[in-house]
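Dear colleague,

I am handing over the structure below, together with notes on what was found in it. Please read the notes with the model open beside them.

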Amino acid sequence: MVVGDADFERYRQTAQAQGINISEWVRQALRVAERERSSGDVEAKLAAIRKAVSYETGGREVDIETMLAETEAGRLAETETGLAGADDA
């Protein structure tokens with residue numbers, strides 16, 4: 001893959017602003033893109049959602065703040081795991 005000079009310079013400046021070299025910036029950007037890409041069987045995902053909504057909650061509502069905090073903690077853990085292996089690539 002070839003990157004044009006103007007694009008390369010923008011990427012280099014972005015990496016430099018983050019205090020990393022362009023190779024590391026590219027690795028991180030690719031990891032983010034990979035995580036954001038939808039994967040898996042749509043029918044299996046729908047089945048999991050249907051199963052989840054069928055569970056009884058005992059009349060309790062889900063605490064959205066707790067759910068959001070747990071989601072963010074999981075994302076941070078994924079990010080740290082991904083960055084920890086950056087030197088391996």
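The notes below go from the whole chain to single contacts.

This is a predicted model, in which local features need pLDDT of at least 70 and side-chain atom pairs count only at pLDDT 80 or more, while totals for chains, interfaces and linings use all residues. Residues are numbered from 1 along each chain as its sequence is written, and side-chain values use heavy atoms, with hydrogens and water left out.

The chain has four helices and zero strands, where helices (H or I, at least four residues) and strands (E, at least two) are DSSP runs numbered from the N terminus. The mean pLDDT (the predictor's confidence in each residue, from 0 to 100) is 82 for the chain, and 88% of the residues score at least 70. Confidence is highest in helix H1 (residues 5-17), at a mean of 93, and lowest in helix H4 (residues 64-84), at 82.

Of the 89 residues, 8% are buried; buried means under 20% relative accessible area, exposed over 50%, and partly exposed in between, with a 1.4 Å probe and protein chains only. The accessible surface (Shrake-Rupley method, 1.4 Å probe, with only the protein chains shown as cover for residues) comes to about 7700 Å², and carbon and sulfur atoms account for 55% of that area.

The structure holds one aromatic pair: Tyr 11 and Trp 25 are stacked, at 5.2 Å centre to centre and 25 degrees between the planes. Rings of Phe, Tyr and Trp (its six-membered ring) pair if their centres lie within 6.5 Å, and planes under 30 degrees apart count as stacked, over 60 as edge-to-face and the rest as tilted. Because Tyr 11 lies in helix H1 and Trp 25 in helix H2 (residues 22-36), the pair ties together parts that are 14 residues apart in sequence. Trp 25 is buried, at 18% relative accessible area, whereas Tyr 11 is partly exposed, at 31%.

There are three salt bridges, each defined by a side-chain nitrogen of Lys or Arg within 4 Å of a carboxyl oxygen of Asp or Glu. In helix H1, Arg 10 and Asp 7 lie three residues apart, with their closest N and O atoms 2.5 Å apart. Glu 9 and Arg 12 also both lie in helix H1, and their closest N and O atoms are likewise 2.5 Å apart. In helix H2, Arg 27 pairs with Glu 24 at 3.0 Å; Glu 24 is buried, at 11% relative accessibility, while Arg 27 is partly exposed, at 24%.

With regards
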